[in-house]
Amino acid sequence: MSASSVRTSNSPQPGFLKRLRPTMGFRLPPLPSLDGDLMLDVYTHKSIRYSGAPMNDEYGDIERVNAIGKRVLAVGVATALFEKKPMFTAAELEAHIDKTLSDSNIDAWVTAYQLREKVRAAPDHRKTLTEPKETRHLFHSVVGAVYVQFGLSVVQTWIGKLVDPDFESSEPSSRPNKRFKSSEYIPAPPPPPPPPPVEAPPPLPSLPMPPVQHQLPSMPPQANSAQTAAFLPVFNQTCAQRRITVSWEATSTGPSHAPAWNVQCIVNGISKGSGNGRSKQLAKEAAAREAFHNMGWARHI
């Protein structure tokens, strides 16, 4: 086979680039199923997300998931195209990677998987979901969530099949190392023996310590973070993510200059928490804390 025929077979062809589109040429590989708080964060738009929500113990927040998803997607696409036979030249490989990671191709994947339909967003922000920046953010977040929940091998298999239906994933440990021949391996020389231990000098004579004249005051015990945590914003954020209706009923008694407030937290029409305080805000915070525990969400704090 001549060099010219090999170059012609590997040059970028429109037909191959069309096969990269998930809606054309092959069956769409199944999207790994997400669950739990990770799924809620992926499909909750920033327009209804509470910016002060605490970081998740396992993955942090959705922006961290989006950042790792962007890098993992690039590695998955590059690996699938690098493994394709016949091999591409370096220039062809770069061209195919750029085409596969283009805005139009990522938009086609998001559309094929109907990812936008799963996103919960404010009504006036839904039209922005089709913008390239929002589309990339959504798909990168999905890829990052799959990586966090299942690991790199699952992401590589999914993305590899999405790029090339003939892609076969192989674990790194099963791929032979072809960089060096076994006969060329020269083991490193053993390390020199450690030097003999140096005899320690005799200890100095102990001197009497002067009596303590003053004792430092002891610090008060640190308050339990769970008791001082601001439950109200976390409670409202959790209710918004789970689409739970919450309302507040406040009453006050006593003189106007020193009223005593009572606030009831009503969740889906049922009182889940009650709080008292010298101000309406303090009573509301106490009611949110009690409702948060009664709803069984305290384990996430």
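Analyst: Let's start with threonine 135, which, apart from its neighbours within four places in sequence, is in contact with Ile106, Asp107, Val110, Arg116, Leu129 and Thr130. Please keep in mind that this is a predicted model. Threonine 135 is part of helix α7, which spans residues 132-150. Its relative accessibility is 2%, and because buried means under 20%, threonine 135 counts as buried.

The axes of α4 (residues 62-83) and α8 (residues 152-163) come within 8 Å and cross at roughly 55°, so the two helices are oblique to each other. Their crossing is right-handed. On the α4 side, the contact is made by Val72, Leu73, Val75, Gly76, Val77, Thr79, Ala80 and Leu81, while α8 brings Leu152, Val155, Gln156, Ile159, Gly160 and Val163. Sorted by class, this contact has 10 nonpolar and 4 polar residues, with no charged ones.

Now for the whole protein. It has 11 helices and 3 strands, and along the sequence they follow the pattern α-α-α-α-α-α-α-α-α-α-β-β-β-α. Of its 301 residues, 31% count as buried, and threonine 135 is one of the buried residues. Finally, among contacts between residues at least 6 apart in sequence, 60% join residues at least 24 apart.

Note on methods:
Residues numbered from 1 in each chain as written. Predicted model: local features only at pLDDT ≥ 70, side-chain atom pairs only at ≥ 80, totals over all residues. Heavy atoms only, no water. Helix = DSSP H or I, 4+ residues; strand = E, 2+ residues; numbered from the N terminus. Buried < 20%, exposed > 50% of the residue type's maximum accessible area, 1.4 Å probe, protein only. Contact = heavy atoms within 4.5 Å. Axes fitted to C-alpha atoms, helices over the stretch in contact; angles between N-to-C directions. Parallel < 35°, antiparallel > 145°, perpendicular 65-115°, else oblique. Left-handed = near helix turned anticlockwise from the far one by under 90°. Nonpolar A, V, L, I, M, F, W, Y, C, P; charged D, E, K, R; others polar.
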